[in-house]
Amino acid sequence: MHAFRSAVEAGDLDAVAALLAEDVVFTSPVVFKPYTGKAITAAILRAVSQVFEDFRYVREFGAPDSPDHALVFTARVGGRELSGCDFLHVNEEGLIDDLMVMVRPLSGAHALAEAMGARFEQIAEEAQAGSRRQARS
């Protein structure tokens, strides 16, 4: 099982953040432009953990020693059921440098976009605080 999956399933968001490369690129299922950086990606993942209800991984693809993995999940957002997939790529250091999320159906994607949009200010503030902490380290 990939360490990211284990951390997400345990609800250990600090462990999730520790698995992210500083230059990770996060591609959202509901926003056109990718987000770059550990701080913003960690903030988005924290917010989505609050938005998803009954989240669970149901399938995993990728050999343990492969740099590429796909984690299929199900969840609910605002009463809408959705399924999706986290596509991960890890760099030579074993850190996630690319995380792309896709969800379906469209009604679930809309519910996710609405719920995350309502948290965008909180996400931006957390990302800025995280960037300041990283700069001091």
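Mentor: Two strands count as paired if DSSP finds at least two bridges between them. Keep that cut-off in mind, and keep in mind that this is a predicted model. Strand β5 (residues 80-90) and strand β6 (residues 96-104) pair over eight bridges, in the antiparallel sense. Within this pair, Val 90 stands opposite Ile 96 in β6.

Now the whole sheet. Six strands form an open sheet with mixed pairing, in the order β2-β1-β6-β5-β4-β3. The edges belong to β2 (35-36) and β3 (53-61). Each has a single partner strand, so one side of each is left without a neighbour in the sheet.

Next, the helices. Helix α4 (residues 106-117) packs on the sheet and touches β4, β5 and β6. The direction of α4 makes about 75° with that of β5. A further helix, α1 (residues 3-10), has Phe 4, Arg 5 and Ala 7 as its buried residues. These cover an arc of only 165° around the axis, which puts them on the same side of α1. Their cover includes α2 (13-18), α3, β3, β4, β5 and β6. After α1 comes Gly 11, with a positive phi near 70°.

Look at one residue in strand β4: His 69. With 6% relative accessibility, His 69 counts as buried. Its side chain reaches the backbone oxygen of Ser 66 at 2.9 Å. Leaving aside residues up to four places away in sequence, His 69 touches several others, among them His 2, Glu 60, Phe 61, Asp 86 and Phe 87.

Last, the aromatic rings. The whole structure holds five aromatic pairs. In one of them, the rings of Phe 52 and Phe 73 have centres 5.6 Å apart and planes at 50°, so the pair is tilted. Phe 52 lies in the loop between α3 and β3, and Phe 73 lies in strand β4, so the pair ties together parts that are 21 residues apart in sequence. Phe 73 is buried, at 0% relative accessible area. Phe 52 also counts as buried, at 14% relative accessibility. The rings of Phe 55 and Tyr 57 have centres 4.9 Å apart and planes at 85°, so this pair is edge-to-face. Tyr 57 counts as buried at 5% relative accessibility, whereas Phe 55 counts as partly exposed at 27%. Phe 52, Phe 55, Tyr 57 and Phe 73 form one aromatic cluster.

Terms used
Residues are numbered from 1 along each chain as its sequence is written. This is a predicted model: local features need pLDDT of at least 70, side-chain atom pairs count only at pLDDT 80 or more; totals for chains, interfaces and linings use all residues. Side-chain values use heavy atoms; hydrogens and water are left out. Helices (H or I, at least four residues) and strands (E, at least two) are DSSP runs, numbered from the N terminus. Contact means heavy atoms within 4.5 Å. Axes are lines fitted to C-alpha atoms, for helices over the stretch in contact, and angles run from 0 to 180 degrees between N-to-C directions. Buried means under 20% relative accessible area, exposed over 50%, partly exposed in between (1.4 Å probe, protein chains only). The arc is that of the directions from the helix axis to the C-beta atoms. A polar contact is a pair of N or O atoms within 3.5 Å; within protein, one must be able to donate a hydrogen and the other to accept it, and residues adjacent in sequence count only if both atoms are side-chain atoms. Rings of Phe, Tyr and Trp (its six-membered ring) pair if their centres lie within 6.5 Å; planes under 30 degrees apart count as stacked, over 60 as edge-to-face and the rest as tilted.
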